[in-house]
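This report describes selected features of one protein model. The sequence and the structure are shown first, and the description follows.

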Amino acid sequence: AELSSFTDAAGRLNIVQSALSRQISRLQEDLGVALFARDGRGVRLTRAGTRLLDAANQLLLDAEALRSLVRDAADEVVGTVNFGAH
């Protein structure tokens, strides 16, 4: 989406363009919508693609916030357990 080119995006991801195209095609089939539209200058996001990108970015932010929450909680002592023997 950022590069407007599957070839450039594949290069950034260190995969071949055909593999990226197949993955995008599978995702579009799974969702039942077109995420990209091709034009003479490359590809651009459709409205559905833009919404997916926005939601995915929010999920990534939420996942990072969750990681921070869990890491912070790992350092907290919640209670005390005492063990004894007779």
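This is a predicted model: local features need pLDDT of at least 70, side-chain atom pairs count only at pLDDT 80 or more; totals for chains, interfaces and linings use all residues.

Val43 belongs to strand β2, which covers residues 42–45. With a relative accessible area of 7%, Val43 is buried, because the value falls under the 20% cut-off. Between Val43 and Leu3 there are 8.7 Å in space, C-alpha to C-alpha, although the two residues are 40 apart in sequence.

Two packed helices are described by the angle between their axes and the distance between the axes. For helix α1 (residues 6–13) and helix α2 (residues 17–31), the axes come within 8 Å and cross at roughly 105°. The two helices α1 and α2 are therefore roughly perpendicular to each other. On the α1 side, the contact is made by Phe6, Thr7, Ala9, Ala10 and Leu13, and on the α2 side by Gln17, Leu20, Ser21 and Ile24.

The largest pocket holds about 500 Å³ of space. Its lining has 21 residues, of which Ala1, Glu2, Ile24, Phe36 and Leu53 are the closest to the pocket centre. Elements that give two or more residues to this lining are α1, α2, β2 and α3 (47–74).

| Group | Nonpolar | Polar | Charged |
|---|---|---|---|
| Contact of α1 with α2 | six residues | three residues | no residues |
| Lining of the largest pocket | 16 residues | three residues | two residues |

Note on methods
Residues are numbered from 1 along each chain as its sequence is written. Side-chain values use heavy atoms; hydrogens and water are left out. Helices (H or I, at least four residues) and strands (E, at least two) are DSSP runs, numbered from the N terminus. Buried means under 20% relative accessible area, exposed over 50%, partly exposed in between (1.4 Å probe, protein chains only). Axes are lines fitted to C-alpha atoms, for helices over the stretch in contact, and angles run from 0 to 180 degrees between N-to-C directions. Angles under 35 degrees count as roughly parallel, over 145 as roughly antiparallel, 65 to 115 as roughly perpendicular and the rest as oblique. Contact means heavy atoms within 4.5 Å. Ala, Val, Leu, Ile, Met, Phe, Trp, Tyr, Cys and Pro count as nonpolar, Asp, Glu, Lys and Arg as charged, and the others, Gly among them, as polar. On a 1 Å grid over the protein atoms alone, a cavity is a set of points where a 1.4 Å probe fits but cannot get out, and a pocket is an open set with protein on both sides within 12 Å along at least five of seven lines; lining residues have an atom within 4 Å of a point. Grid points are joined across faces, edges and corners, and a volume is the space filled by probe spheres set on the points.
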